[in-house]
Amino acid sequence: MDRLKKHLIIVPGHAAFETDVMPDELPDRPFDVGSEPWVLASYQYGEPTFFGEHMRAGLDVAADDPNSLLVVSGGFTRPDSVNGRYDWSEADSYIRSAERSGWIRTLARASQERFTPRGSRVVIPTRAVETTDGKKLFLASNEYARDSIENVLGDIATFKALTGSLPRFITVTGWKFKDERFREHAEAIGVPIGRFDYVGVNDPSDDNLALAQAGERRTIAAFRADPLGRELEGMVDDVRYPGSLAEKRQLRDPLARGNPHWDMAHDIHGRFECRAN
């Protein structure tokens, strides 16, 4: 891994493939389909095209910066995506979709193993890929993230595990309506404001946008009351409270893997230098 990399690019995932679909059975352009082979919530029908635009934007940012590392972020979050023929994470689903869409070609694959300060094992799938215009990129997967704060914290931890240092700059590509939430996550983790950028790529269709925005207001309120879900102190919020952050993470963890990235929170929180480059 190139130790000179400075720029972390994050693509947060939002869905994964059905467990009964094997990698060699995927359609040619999975992002272009309305539902199958994706496992989607009722309000997500037709959204894989939008997910693809998030992924494509992340690839474009990475292609423009040879000192970047792109981390595709999303764990094994759906019961219907695991415990069958193949276990699909959100991250793996997005990367395979980009391959099947012809946006990238994998040159080499590896599985990096690291251990947290508390001795928890972390597995980081990595790929060296080439874009259609011949640019070489390095991708990593964060297959532990169960929500947006774990996207940000876990991807920073992944970057540090692979490069030995914290990123100098962070870019996230995703839904426009989630801009405020991700900026607040970065602030809660201690990322200086000048070292973080959120690229709002698109929004859901008009029919779903109002619903998404209403849910976003509730989620932002929960994070403002508890910016890191109390995980930084080694605790979780009360799962008996409706809509609690901990409860959501449990529901999005059908394999009961937990998230070892929280072991590294103290090594990351507030450790960013304030210089811009």
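Let me start with how residues are sorted: Ala, Val, Leu, Ile, Met, Phe, Trp, Tyr, Cys and Pro count as nonpolar, Asp, Glu, Lys and Arg as charged, and the others, Gly among them, as polar.

Now the ground rules. This is a predicted model, where local features need pLDDT of at least 70, side-chain atom pairs count only at pLDDT 80 or more, and totals for chains, interfaces and linings use all residues. Residues are numbered from 1 along each chain as its sequence is written, and side-chain values use heavy atoms, with hydrogens and water left out.

Empty space next. Rolling a probe the size of a water molecule over the atoms shows where empty space is left. We work on a 1 Å grid over the protein atoms alone: a cavity is a set of points where a 1.4 Å probe fits but cannot get out, and a pocket is an open set with protein on both sides within 12 Å along at least five of seven lines. Lining residues have an atom within 4 Å of a point. Grid points are joined across faces, edges and corners, and a volume is the space filled by probe spheres set on the points.

How many cavities of 30 Å³ or more does the search find? It finds 1. The largest cavity holds about 40 Å³. Its lining includes Phe 76, Glu 143, Arg 252 and Asp 253. By class, that lining has 3 nonpolar, 3 polar and 5 charged residues.

The largest pocket holds about 1100 Å³. It has 44 lining residues, and Tyr 43, Lys 178, Arg 181, Thr 219 and Arg 252 lie nearest its centre. The lining splits into 18 nonpolar, 12 polar and 14 charged. Which helix gives the largest share? Helix 5, with 10 residues.

Gly 164 follows, with a positive phi near 90 degrees.

Pairing takes at least two DSSP bridges between two strands. Strands 6 and 7 pair antiparallel over 5 bridges. Glu 130 stands opposite Lys 136 in strand 7.

Key: Helices (H or I, at least four residues) and strands (E, at least two) are DSSP runs, numbered from the N terminus.
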